[in-house]
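Visitor: I'm new to reading protein models, and I'd like a close look at a single part of this one. Could you pick a spot and walk me through what surrounds it?

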Amino acid sequence: MSKPQLLVHDQADNVGVVVVEGLTAGTDMLCVVTHDNSDFRLTAKADIPIGHKVALKDLSEGDTVIKYGEDIGKMVGAAETGGHVHTHNCKTKRW
């Protein structure tokens, strides 16, 4: 198995986290689900910095963002599958 570029914590998550530097648009990412060590592939639709999130499915404004199997925020803009999810289109519900 090669080194994963994206980690997903739970099968219920709709975002994963980039775990490599220099991820560029068009990269065929190896994605690993840490809960059960399963894997899948996904194409990055943008250059995405390490530590930032990637949409695992199309997300629309108002959608709930699920990470660690938990509600971590809501989309304030859209992101397509493989797209960048960060403060420009996702806001925490905590504040």
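Guide: Let's start with Thr27, which is buried, its relative accessible area being 18%. Keep in mind as we go that this is a predicted model. You'll find Thr27 in the loop between β2 (15–18) and β3. If you skip the residues up to four places away in sequence, Thr27 touches Gln5, Leu42, Thr43 and Ala44.

Let's follow the first of those names. Gln5 sits in the segment before β1 (6–8). Gln5 is buried too, with a relative accessible area of 18%; that counts as buried because the cut-off is under 20%. Its list of contacts, again leaving out neighbours within four places in sequence, takes in Val17, Val18, Val19, Val20, Leu23, Thr27, Asp28, Met29 and Leu30. For Leu30 there's a distance to look at: a polar atom of the Gln5 side chain lies 2.6 Å from the backbone nitrogen of Leu30.

Now step over to Asp28, another residue that Gln5 contacts. The side chain of Asp28 meets that of Arg41 in a salt bridge, 2.8 Å from N to O. Arg41 belongs to strand β4 and Asp28 to strand β3, so this pair ties together parts that are 13 residues apart in sequence. Both ends are partly exposed: Arg41 has 46% relative accessibility, and Asp28 has 39%.

Over on the β8 side, strand β5 (residues 53–55) runs antiparallel to β8, and 2 bridges join them.

In soluble globular proteins, nonpolar side chains tend to be buried together. Here, the largest nonpolar core has 13 residues, and those with the most contacts inside it are Leu6, Val18, Leu23, Met29, Leu42 and Val54. The elements giving two or more residues to this core are β1 and β3 (28–33), and β3 gives the most, with 3 residues. Another core, of 8 residues, lies apart from it, with Val15, Val65, Met75 and Cys90 among its members.

Glu80 lies in the loop between β7 and β8 and Lys45 in the loop between β4 and β5, so the pair ties together parts that are 35 residues apart in sequence. Glu80 is partly exposed, at a relative accessible area of 45%, and Lys45 also counts as partly exposed, at 43%. Besides Lys45, Glu80 touches Ala55, Lys57 and Asp58, if you leave out residues up to four places away in sequence.

How values were computed
Residues numbered from 1 in each chain as written. Predicted model: local features only at pLDDT ≥ 70, side-chain atom pairs only at ≥ 80, totals over all residues. Heavy atoms only, no water. Contact = heavy atoms within 4.5 Å. Helix = DSSP H or I, 4+ residues; strand = E, 2+ residues; numbered from the N terminus. Buried < 20%, exposed > 50% of the residue type's maximum accessible area, 1.4 Å probe, protein only. Polar contact = N/O pair within 3.5 Å; in protein donor to acceptor, adjacent residues only side chain to side chain. Pairing = 2+ DSSP bridges. Core = buried A, V, L, I, M, F, W, Y, C linked by side-chain atoms within 4.5 Å. Salt bridge = Lys/Arg side-chain N within 4 Å of Asp/Glu carboxyl O.
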